Amino acid sequence: MLSVEKLANDVSLPDYDRTRLRPRILHIGFGAFHRAHQAVCADRLAREQQSDWGYIECGINLQGNSKLVSNLRQQDCLYTVTEMADSGKTSRAIGVICDTVDARTDGIEAVIEAMSQPEIAIVSITVTEKGYCHHPANGQLNLEHPVIQHDLANPDAPHSLPGVILAAVKRRRERGLPPFSVMSCDNMPENGHVTRNVVVQLAEKHDAALADYIRHHLTFPSTMVDRIVPAMTQEALDELGETLGCYDPVAVQCEPFFQWVIEDNFVNGRPAWEKAGAELVQDVLPFEEMKLRMLNGSHSFLAYLGYLAGYQHISDCMADEHFLHAARTLMLAEQAPTLRTQNVDLTAYADSLIARYQNRAIKHRTWQIASDGTQKLPQRWLDSIRWHLAHNSRFDLLALGVAGWIRYVGGVDEQGAPVEINDPLKETLAQRVSESADGEARIAALLSLQKVFGDDLPANAQFTACVLHFYQLLQQHGAKETVKRVITSY
């Protein structure tokens with residue numbers, strides 16, 4: 001366990017009085033990204049601006065692993081963040097967490113009660129796209145989702161993110177407490193709108209007056225977050241322990257780059273995030289689209305095709321000149337034209353992304369990025385493809401990405417080894433793969449996933465023919481050679 005006394009001398013410790021912190025933000029989803037992003041921003045404010053905004057960290061996954069929260073408790077809510085660059089490492093201990101609560105160990109009632117504390121002004125979220133129980137194709141609540149079905153029958157003992165938020169809002173209203181703002185920090189376009197949709201639509205099934213209260217009294221600011229944070233492995237934790245001077249099971253590594261764009265729409269106050277490097281704006285959507293399509297879109301392209309080609313990490317893909325060229329061309333030729341961003345040098349942005357991908361100190365696994373594809377494809381690729389179809393322009397690399405995803409979820413890599421598919425529609429994908437022959441039938445079976453591709457794309461002959469063409473190239477030549485052929489002829 002982390003011990004302040006054993007930490008190396010070059011690890012920066014909190015230099016503020018932690019007893020002054022007030023638990024004003026409850027964060028749902030104590031994952032690596034939050035530990036390396038939003039919590040770091042709060043720590044900077046406490047160190048540099050004497051901010052008293054502290055966090056309650058909350059886990060709501062009843063089937064998940066509660067070990068992280070348990071370990072954090074044993075470490076007096078301290079953990080370390082290490083920024084990794086080719087030039088070296090920089091570590092700091094984060095001290096802005098005041099308390100923790102976990103549904104699996106403490107019970108869902110304890111979670112709802114923590115959210116009902118009078119001082120809570122913001123509920124922030126990082127649960128990945130699948131945690132919202134929505135249809136990725138349209139951003140609406142998926143009423144057929146198993147945990148939503150549970151929450152419809154058991155509103156006072158919810159399992160879902162929308163259900164937990166709704167239960168807390170109801171309790172606060174009954175107690176006459178002020179409303180809070182709900183701030184999503186997950187990679188979805190207009191993530192605040194999606195969060196508002198799923199909470200209000202669930203409320204409408206229970207209590208129309210409560211749904212109306214939420215519409216008029218809560219705010220759901222959208223955000224755009226950006227920092228490359230690989231999932232921690234045991235090997236990485238062990239290596240980091242040598243650098244830190246002691247073992248920290250809650251430690252996280254990340255790149256030095258940090259960006260956070262926040263819609264300035266809070267009903268009950270907020271920290272001065274702008275004093276710690278965040279940007280407060282009126283409209284986040286152009287920034288979200290830029291990041292989702294250029295960064296996340298190229299990441300997914302590299303993840304599926306890179307994994308098939310045998311590249312374990314994004315930096316490995318960057319060592320292949322054809323993959324590097326393909327990623328940059330995808331950003332500038334196929335994603336940038338679809339954006340509404342103004343007064344941003346998109347060429348410079350693309351070049352900065354390539355430089356970040358080349359950071360060999362960050363071991364960002366292609367398999368990690370390839371997870372949850374059914375939740376990610378609509379906002380990373382498919383909306384751009386629709387734009388190109390409407391404008392009669394070229395989208396070869398985007399279509400190659402879709403073909404790569406289909407090849408990947410086929411469950412066998414190019415060496416004949418099984419691929420571990422991590423996706424909320426894993427069983428559906430496996431069934432469609434098993435019931436279709438590899439080729440045109442496989443493409444039709446997977447593109448007909450209405451929750452992902454909608455009704456329009458499977459019915460578009462140009463789109464399906466393009467995906468089939470690149471899928472056949474992958475079958476015949478493999479990912480490395482296909483990427484080389486496509487980018488050479490671009």
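Helices (H or I, at least four residues) and strands (E, at least two) are taken here as DSSP runs, numbered from the N terminus. With that in place, Asp 372 turns up in the loop between helix H15 (366-369) and helix H16 (373-391). The model is a predicted one, so local features need pLDDT of at least 70 and side-chain atom pairs count only at pLDDT 80 or more, while totals for chains, interfaces and linings use all residues. Residues are numbered from 1 along each chain as its sequence is written, and side-chain values use heavy atoms, with hydrogens and water left out.

Back to Asp 372: its relative accessible area is 5%, so Asp 372 is buried (buried means under 20% relative accessible area, exposed over 50%, partly exposed in between, with a 1.4 Å probe and protein chains only). Its side chain makes a polar contact with the side chain of Lys 130, at 3.3 Å. A polar contact here is a pair of N or O atoms within 3.5 Å; within protein, one must be able to donate a hydrogen and the other to accept it, and residues adjacent in sequence count only if both atoms are side-chain atoms. Not counting residues up to four places away in sequence, Asp 372 touches Thr 128, Lys 130, Asn 422, Asp 423 and Pro 424, where contact means heavy atoms within 4.5 Å.

Asp 86 has a relative accessible area of 47%, so it counts as partly exposed. Leaving out residues up to four places away in sequence, Asp 86 touches Gln 358, Asn 359, Arg 360 and Ala 361. Two backbone nitrogens approach polar atoms of the Asp 86 side chain: that of Arg 360 lies 3.0 Å away, and that of Ala 361 lies 3.3 Å away. Elsewhere, Gly 163 is 77 residues from Asp 86 along the chain, with 44 Å between the C-alpha atoms.

S3 and S4 run antiparallel, joined by seven bridges (two strands pair if DSSP finds at least two bridges between them). A hairpin of two residues links S3 to S4, and Tyr 79 stands opposite Ile 94 in S4. S3 also pairs with strand S9 (residues 252-254), in the parallel sense and over three bridges; there, Val 81 stands opposite Val 252. Five of the seven residues of S3 are buried, which leaves the strand mostly covered.

Then there is an open sheet of five strands, ordered S5-S2-S1-S6-S7 with parallel pairing. Strand S5 (97-102) and strand S7 (181-184) stand at the edges with a single partner strand each, so one side of each has no neighbour in the sheet. Neighbouring strands of this sheet are turned by 25° against each other on average, direction ignored. Strand S6 (residues 122-125) and S7 run parallel and share four bridges, and the bridge partner of Val 123 in S7 is Val 182. Helix H5 (residues 108-115) packs on the sheet, touching strand S1 (22-28), strand S2 (53-59), S5 and S6, and its direction makes about 145° with that of S5. Axes are lines fitted to C-alpha atoms, for helices over the stretch in contact, and angles run from 0 to 180 degrees between N-to-C directions.

Val 182 shows up again in the surroundings of Ile 165: setting aside neighbours within four places in sequence, Ile 165 is in contact with Met 115, Ile 125, Phe 180, Val 182 and Val 199. Ile 165 lies in helix H7 (residues 161-174) and is buried, with a relative accessible area of 0%.

As for the rings, the structure holds eight aromatic pairs. Rings of Phe, Tyr and Trp (its six-membered ring) pair if their centres lie within 6.5 Å; planes under 30 degrees apart count as stacked, over 60 as edge-to-face and the rest as tilted. Phe 266 and Trp 273 have ring centres 5.4 Å apart and planes at 55°, so this pair is tilted; Phe 266 and Trp 273 are both buried. Tyr 307 lies in helix H11 (residues 285-309) and Tyr 408 in helix H17 (residues 396-409), so the pair ties together parts 101 residues apart in sequence. Ring pairs link Tyr 304, Tyr 307, Trp 381 and Tyr 408 into a cluster.
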